[in-house]
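Let's take a walk through the inside of this protein together. Have a look at the sequence and the fold first, and then we can go through the spaces and the packing.

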Amino acid sequence: MSQPIREIIIVGGGTAGWITAGTIAAKLNRAHHNPPRITLVESANVPIIGVGEGTWPTMRRSLQAMGVNETEFIRQCNVSFKQGAKFCGWVTGAADDGYYHPLVLPKDFEQTNLAEHWLSLQAMHNTVPDFANSVCSQGALCEHGLAPKLISTPEYDSVANYAYHLDAGKFSKFLQRHCVEQLNVQHIYADVEAVNSHVNGDIKSLITKNGQTIEGDFFIDCTGFKSLLIGEHFKIPFKSCQDILFNDKAIAVQVPYPDKNSPIASHTISTAQTSGWIWDIGLANRRGVGHVYASDYISDDQAHQQLLDYLHLTEAQAAELTFRPITFKSGHRQKFWHKNCVAVGLSAGFLEPLEASALLLVEISASFIAQQLPAVKEPMDVIANRFNRLFLYRWQSIIDFLKLHYLLSKRRDSQYWIDNQNPKFIPDSLQQMLSLWRYQSPWHEDFPYAQEVFPAASYQYVLYGMGFHTQANPSGLSLHSQQQALQLMQKNAMETKQLVAQMPSNRTLLNAIAQQQLAKI
């Protein structure tokens, strides 16, 4: 007789736990008359990491699916709009060294590979705009500090594709209230002290510090770096990628604006340093800034001083702020779903926040579980194997994409940058792709999955933003395709001019949302 899954237990709160709870609960509540019960168990004594403040546009879909009101989310979580990332100092380290990775796809991206036409034009003319500005308007919007929508644009809709910058602590509390009050998620504050197993090795129940027994059919480990279930209980090994991504420490600080109407950047700013990089994220009420660095190449004191230099702070000014040190290991579990338990968030692994992949991985993990969690236990191994294959590929893809930013650099001003460009520290999978892209630009067929973490467009933005050279096709480009591409680029230039003239600033739009609701779709 089949064993139904009626009790789903999520261990750990924070953004990972509550995004997972909300995503699964919303899906099951829509699909079933009598859905399984979801219980989230979290310790009241474990602080969240709290620096995952950048998201991908997928977050709009996730929140909308949960039934979250975007206006209230923006108001309560100090949200600002994010339209991409600007990488400063990554290529040469010069004062004018910078390029954008926008969230908008290049014009007609499904049908036309504008990269090959841009490369052709660049070879013939010295006056061609940089790649991102040639194929989309979002870099210009970011450079002018403009918003991706109007106050009249319905919630979750956009003029230009966008994600969010948010206060991770407030976001977690906001989701908690929504999940408990609107989605019927059960919430228990308790410290888990022991795990009981069935004869077959599946988790049977949890024992809390106060002696409570919490039984379940399926368990989700959102316990962060502790990795209580998948790591401590099941002993699934951790696969380090420290030999590829060298950074292992960070210093984070919250910086107030000079005044309440200070401009808010429309993008994440990532500024390269001698042995790492500094993130700078503008929220509605403050900036979140941090220095990610490799302790093998720079001391903590030196890293701290570079952060002070970036912020233009004196020691006296710095004394008024709280600098929080963070230590981490880059890598992931060798598998994420084992028996009746799956790890989501930091319990599954961690990579530096260079391209805001942390919350994205939480979202797509939760979405997979919500869509494919079996109704009974019997086929669970099949689903688990599918999840593990897919997410091992996704983690490796992210590692490759992050490494791309380092190895393309022309900087030779420190051993850190020299070592990052050493082939022995570059994955074979990435070296093979680079060998291909020297002769043809990245395109859809280079990536096997329908839902890639980083599609071909992301690789194009980084490759050509950093000056990578792809050899022109010796057969040349047809006159028709050249004319079509030129029209698309001219259309983009016209639309860019119009958008820069009509869009409000990020600050102006957020002030408007504080006063009135965004329209419902």
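## The second largest pocket

How do the residues of the lining of the second largest pocket divide into nonpolar, polar and charged? In this predicted model, the lining holds 19 nonpolar, seven polar and five charged residues.

The space in the second largest pocket comes to about 690 Å³. It is lined by 31 residues, and those closest to its centre are Thr-58, Leu-105, Glu-452, Val-453 and Pro-455. Several elements take part in this lining: helix 2 (58–66), strand 5 (98–102), helix 11 (357–372) and helix 15 (456–465) supply at least two residues each.

## The largest cavity

Now for a space that the probe cannot leave. The count of cavities of 30 Å³ or more comes to one, and the largest cavity holds about 40 Å³ of space.

Which residues line the largest cavity? They are Phe-336, Ala-343, Val-344, Gly-345, Ala-348, Leu-361, Ser-365, Phe-387, Phe-391 and Trp-395. By type, eight of the lining residues are nonpolar, two are polar and none is charged. Helix 11 and helix 12 each supply at least two residues here, and helix 12 gives the most, with three.

In soluble globular proteins, nonpolar side chains tend to be buried together. Here, the largest nonpolar core has 145 residues, and the ones with the most contacts inside it are Phe-73, Phe-218, Ile-220, Trp-337 and Ile-369. Helix 12 (residues 380–407) makes the largest contribution to this core, with 14 residues. Another core lies apart from it, with 14 residues that include Val-289, Tyr-293, Ala-303 and Leu-321.

Leaving aside residues up to four places away in sequence, Phe-73 touches Leu-63, Val-68, Val-79, Tyr-164, Leu-166, Phe-171 and Phe-174.

## Around Ser-227

Where is Ser-227 found? Ser-227 sits in the loop between strand 11 (218–221) and helix 8 (228–233). Is Ser-227 buried or exposed? Its relative accessibility is 0%, so Ser-227 counts as buried.

Beyond residues up to four places away in sequence, Ser-227 touches Asp-221, Glu-232, Arg-333 and Ser-347.

How values were computed:
Residues numbered from 1 in each chain as written. Predicted model: local features only at pLDDT ≥ 70, side-chain atom pairs only at ≥ 80, totals over all residues. Heavy atoms only, no water. 1 Å grid on protein atoms, 1.4 Å probe; cavity = no way out; pocket = protein on both sides within 12 Å on 5 of 7 lines; lining within 4 Å. Points joined across faces, edges and corners; volume = space filled by probe spheres on them. Helix = DSSP H or I, 4+ residues; strand = E, 2+ residues; numbered from the N terminus. Nonpolar A, V, L, I, M, F, W, Y, C, P; charged D, E, K, R; others polar. Buried < 20%, exposed > 50% of the residue type's maximum accessible area, 1.4 Å probe, protein only. Contact = heavy atoms within 4.5 Å. Core = buried A, V, L, I, M, F, W, Y, C linked by side-chain atoms within 4.5 Å.
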